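Open the model in your viewer and keep the selection panel at hand.

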Amino acid sequence: MTDAAIATSGLTKRFRSRAVVDGLDLHVPRGSVFGFLGPNGSGKTTTIRMLLGLISPSAGAISVLGEEMPARGASVLPRVGALVEGPAFAPYLSGTANLIRRDTADRYAPGATRRARVEAALDRVGLSHAAGKHVRAYSLGMKQRLGIAGALLTDRDLLVLDEPTNGLDPQGTREVRTLVRSLADEGTTVFVSSHLLAEIEQVCTHAAIMRAGRLVAQGSLDDLRRGSGPRVAVETPDASLAASVLARFGLDAEAAAGGVEAALPEDAPPAEQLAAALVGEGVRLRGFAVRASSLEERFVELTGEGFDVEQ
Amino acid sequence: MSSSELTAAAPVKRTSVAARRERPSGGWALLGSEISVMFRRWRTYAMFGALAAVPILIAVAVRITGGSSRGPAFLSDISSNGLFVAFTALVVCVPLFLPLTIGVVAGDTIAGEASHGTLRYLVIAPAGRLRLLAVKYAGCAVFCVAAALVVAVAGALIGMLLFPIGPVTLLSGVQVSLGEAYLRMLLIALYIVVSLLGLCTIGLFLSTLTDVPVGAMAATAVLAVIAQVLDQLPQLDALHPWLFSHYWLGFGDFLRDPISWDSFGQNALLQLGYIAVFGALAIGRFTTKDILS
């Protein structure tokens with residue numbers, strides 16, 4: 001498993017009798033930027049807590065950076081930077097003092113360079129100006145930045161960022177993306193969880209999708225997109241007529257903004273034939289497009305729509 | 001060599017040098033940080049202030065009223081020798097005020113970090129759960145030393161300020177020089193520190209049980225009171241030598257000549273027992289705990 005930054009097999013966590021994470025086989029290649037996606041309550045943070053040895057699995061095995069967790073935590077964790085379930089700091093200490101305190105807990109972090117490393121980390125997340133302020137006075141976004149700085153105190157082989165863009169403004173979100181990209185360029189594997197696909201889709205090379213404690217898909221982004229076929233979008237005021245024409249070809253059309261949309265199975269007739277048929281039936285065709293399904297659609301397809309937290 | 005190993009060996013660009021040690025350090029930095037953070041909190045100084053207020057109030061009250069023969073031990077000696085302010089204040093603080101402050105500090109150790117969410121970051125740093133417990137306990141012990149010294153030193157200073165001081169007449173009637181009296185005061189402070197170490201361990205254990213620091217603080221302080229109440233009930237005679245508070249006020253032995261170390265020894269042994277039992281419980285609980293805060 002040397003090529004995997006993170007590998008789990010049959011990873012399961014039960015609280016009382018309920019499985020919050022159920023039989024997870026995760027494979028995060030080294031050097032990847034790995035998006036860990038899923039709606040709220042799908043078990044992402046519980047998985048991350050197990051990866052980092054904060055909670056012990058009910059069943060299954062974990063390997064992080066080629067070593068077994070949690071047994072080898074003392075040698076693995078110094079190489080892992082993490083932001084878990086939001087930033088957390090002592091409110092009565094300054095940003096700098098908080099990072100210094102956290103750094104002293106890592107026995108592999110040299111004391112001689114501590115201050116310089118803390119300053120560099122603060123600079124990297126754009127917090128140098130607020131370094132001396134008490135964390136109590138920080139905004140949510142500033143705390144989030146400080147949390148990311150805390151993951152960057154030493155050179156890491158793996159970064160685990162749980163919802164890193166929480167509380168950040170669009171500018172901050174873009175900065176996080178840039179940061180993740182530059183860290184990946186340096187050779188760090190980045191494992192980033194989010195319930196908002198759009199925020200990380202642009203930086204990820206790989207992704208896994210969780211639903212109700214189970215992994216429903218994982219692989220490279222291209223693999224995931226391939227999982228669902230292309231779609232045809234018809235822009236027309238005659239939506240119901242268009243739908244019935246498409247139905248004749250075995251396509252299950254659904255209403256979309258400005259017309260209808262349908263998944264295009266592999267055995268569907270060529271697109272030009274569909275367009276001709278639509279025009280032939282008198283559908284006022286204003287637009288016609290075939291496009292690869294976006295990851296967003298795939299995500300919704302796999303995790304279901306709506307805001308209900310699944311139990 | 002397989003292709004996967006090649007991937008793993010891919011060179012990693014690093015921005016800075018000396019960002020990571022080859023071997024782990026001794027880990028004293030965390031203890032240093034723990035102590036320095038404790039002494040940077042207003043709460044710590046508020047408690048020191050409250051403790052220092054005890055000898056000051058005693059001294060001022062005696063100065064104004066001229067003292068009385070009733071009240072805690074040594075109270076009547078104050079007006080003739082200011083040093084007794086410190087002794088009186090220690091007697092007054094041991095049953096309640098010191099255990100209260102210890103309850104706050106010991107109850108906060110793990111639960112406080114948990115409530116701020118910083119516990120998870122210390123654990124994944126990784127501080128090592130055992131080491132974290134040891135550091136927290138050591139910090140607590142340092143607080144005990146500081147707290148006992150605050151009472152003793154504040155007592156000695158205010159005593160010096162408001163009353164004449166001089167050679168001290170011990171309980172056994174022998175008079176000792178001022179220098180030796182100070183030494184004996186430090187010995188008493190040491191006795192008190194040792195007395196409180198068992199309670200510290202209980203607080204540490206309670207703190208591993210919850211993410212709500214106030215709960216652990218209150219429970220620790222309440223236990224200290226309960227132990228002393230039980231110690232007063234003659235029906236529970238058999239239980240008394242096992243109560244962690246049983247020898248708390250035994251430091252009068254240090255004001256005899258020659259010094260009797262009996263109660264100090266028994267007290268130290270008893271406290272060691274509490275440290276062993278509750279230390280083991282804390283370790284057992286914390287090293288296997290799922291950290292969900």
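Which residue is the bridge partner of Leu161(A) in β9(A)? Select Val192(A): this residue of β9(A) is the partner. The model is a predicted one.

β8 of chain A covers residues 158-162 and β9 of chain A covers residues 189-194; the two pair in the parallel sense over five bridges.

Now show the whole sheet. It is open and has six strands, in the order β7-β8-β9-β4-β10-β11 of chain A, with mixed pairing. At the edges are β7 (80-83) and β11 (214-220) of chain A; each has a single partner strand, so one side of each lacks a neighbour in the sheet. On average, and ignoring direction, neighbouring strands of the sheet are turned by 10° against each other.

Then select residues 170-185 for α6(A), which lies across β4, β8 and β9 of chain A and runs at about 155° to β9(A).

Zoom out and colour chain A by domain. The domain assignment gives domain 1 as 4-218 and domain 2 as 231-291. Their C-alpha centres lie 44 Å apart.

Finally, bring in chain B. The contact takes 38 residues from chain A and 37 residues from chain B. On the chain B side, α1 (3-8), α2 (28-38) and α6 (118-124) each supply at least two residues. The most come from α6(B), with six residues. By class, this side of chain B has 18 nonpolar, eleven polar and eight charged residues.

Note on methods
Residues are numbered from 1 along each chain as its sequence is written. Chains are lettered from A and ligands numbered from 1 in the order in which they are written. This is a predicted model: local features need pLDDT of at least 70, side-chain atom pairs count only at pLDDT 80 or more; totals for chains, interfaces and linings use all residues. Domain bounds come from an automatic or database domain assignment. Two residues are in contact if their C-beta atoms, placed from the backbone, lie within 7 Å. Helices (H or I, at least four residues) and strands (E, at least two) are DSSP runs, numbered from the N terminus. Ala, Val, Leu, Ile, Met, Phe, Trp, Tyr, Cys and Pro count as nonpolar, Asp, Glu, Lys and Arg as charged, and the others, Gly among them, as polar. Two strands pair if DSSP finds at least two bridges between them. Axes are lines fitted to C-alpha atoms, for helices over the stretch in contact, and angles run from 0 to 180 degrees between N-to-C directions.
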